[in-house]
Amino acid sequence: MDEKKNKGHELRLVAFEVTRSCNLSCVHCRASSEYGPYPDELSTQEAFTLLKDIKRLGQPIVILTGGEPLLREDIFDIASYGTEMGLRMVMATNGTLLNQQTAKRIMASGIKRVSISLDGADSSSHDGFRRVQGSFDASLKGIQVLKDAGIEFQINTTIVKSNKDQLPKINQLAVNLGAKAHHIFLLVPVGRGGEVGDISLEAQEYEKILEWFLERKVQVPLELKATCAPQYFRIMRQRAKEKGREVSYKTHGLDAVTRGCLGGISFCFVGHRGQIQPCGYLEVECGNIREKPFDEIWCESPIFKTLRDYSLYKGKCGRCEYLKVCGGCRARAYEFYGDFMMEEPLCSYIPISLRAK
């Protein structure tokens, strides 16, 4: 595939669900993952072909995720192949399976950063969220293993009603642990996250959390980023506008500040059986790598083309002056309206064009 066809929609990030199997049973899991096994997952060779096709589009970051990626026996073969291809390989894990031997293999395979999820500041809150007793302590031990090996790591936190008040403590814990970054994820109610009752925050609660997180950015020695929270990028630019100054943003890497919702724009998700989606939470299939090369799907998928056409956005998102920097969460729109081009249902901002005069 000619890289010129990718111009204007540069692929920056790919999340590759290498397996759906997991050793935990988290309350919010988008995939409702269990230990498995899950039949018909992509083979080692299919994974290699995928990475080869991704490389034809440039040098995006590839996130090896799951489930729990460390449950896949050939995970380091896949990571090494991606590294040899010139891709930046990173891994998202719950941290409970990390040990010294695993850390050595992470280093040898060229994985540049490991993210570990902490959804509580103590064992009672985190273990309740992860639904496995001892998972908090096991994750902390995993983090220590990474530190001892000199492997860069970040903390990921999914925010729901039960842990929203713990966010300051979790953020400080990330500082104390020596993390490179802290990324927060605002829940998208799919999978188990949509089955266990109303655990999502209200729009105004999201707004307050994102405002606090932005203020925290200059107070801690961490790279802070909000994911599945496109409003964060609108708030960021609102604050800059209020202060009457232009702000320069990092535009590449794991902590890049580009656009709110990146699904189909500069990011996509590859499922464990080869299905391509705009993101892991927006379960609309854009193609399958077993039927068509990844790079062709990225460039030609009608769903991706729709997401890239700002004139097709509906509701207040389509009328919003921050559409190009925010875009609203397409997955939440799909879950709420059954239409991924509708407005973000958990945004409290009223566009200027819709305000009463």
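Colleague: What makes Asp 40 count as exposed?

Modeller: Asp 40 has a relative accessibility of 53%. The cut-off for exposed is over 50%, so Asp 40 lands on the exposed side. Keep in mind that this is a predicted model.

Colleague: Where is Asp 40, and what is its phi?

Modeller: You'll find Asp 40 in the loop between strand E1 (13-17) and helix H1 (44-55). Its phi is positive, about 70 degrees, although Asp 40 is not a glycine. Most residues other than glycine have a negative phi.

Colleague: Is Cys 228 buried or exposed, and how do you know?

Modeller: Cys 228 comes out at 17% relative accessibility. Buried means under 20%, so Cys 228 is called buried. It also has a positive phi, about 55 degrees, without being a glycine. Look for Cys 228 in the loop between strand E7 (223-227) and helix H8 (231-242).

Colleague: How many disulfides are there, and how do you know?

Modeller: The count comes to 0 disulfides. A pair of cysteine sulfurs has to lie within 2.5 Å. For Cys 320, the nearest cysteine sulfur belongs to Cys 326 and is 6.6 Å away, which leaves Cys 320 in no disulfide.

Colleague: Why are H2 and H3 called roughly parallel?

Modeller: The axes of helix H2 (residues 75-84) and helix H3 (residues 100-109) cross at roughly 25 degrees. Angles under 35 degrees count as roughly parallel, so that is the label for this pair. Their axes also come within 8 Å.

Colleague: Which residues of H2 and H3 meet?

Modeller: On the H2 side there are Phe 76, Ala 79, Ser 80 and Thr 83, and on the H3 side Thr 102, Arg 105, Ile 106 and Ser 109. By type, the residues of this contact split into 3 nonpolar, 4 polar and 1 charged.

Colleague: What makes Gly 95 count as buried?

Modeller: Its relative accessible area is 0%. The limit for buried is under 20%, so Gly 95 qualifies. This glycine is in the loop between strand E3 (88-93) and H3. Leaving out residues up to four places away in sequence, Gly 95 touches Glu 68, Ile 116, Ala 138, Ser 139 and Gly 142. The C-alpha atoms of Gly 95 and Ile 116 are separated by 5.6 Å, though the two are 21 residues apart along the chain.

Colleague: How do you know where to be careful with residues 1-5 and 191-197?

Modeller: pLDDT stays under 50 over residues 1-5, and also over residues 191-197. Where pLDDT is low, the predicted coordinates should not be read in detail. For the protein chain, the mean pLDDT is 89, and 87% of residues reach 70 or more.

Definitions and conventions. Residues are numbered from 1 along each chain as its sequence is written. This is a predicted model: local features need pLDDT of at least 70, side-chain atom pairs count only at pLDDT 80 or more; totals for chains, interfaces and linings use all residues. Side-chain values use heavy atoms; hydrogens and water are left out. pLDDT is the predictor's confidence in each residue, from 0 to 100. Contact means heavy atoms within 4.5 Å. Axes are lines fitted to C-alpha atoms, for helices over the stretch in contact, and angles run from 0 to 180 degrees between N-to-C directions. Helices (H or I, at least four residues) and strands (E, at least two) are DSSP runs, numbered from the N terminus. Angles under 35 degrees count as roughly parallel, over 145 as roughly antiparallel, 65 to 115 as roughly perpendicular and the rest as oblique. Ala, Val, Leu, Ile, Met, Phe, Trp, Tyr, Cys and Pro count as nonpolar, Asp, Glu, Lys and Arg as charged, and the others, Gly among them, as polar. Buried means under 20% relative accessible area, exposed over 50%, partly exposed in between (1.4 Å probe, protein chains only).
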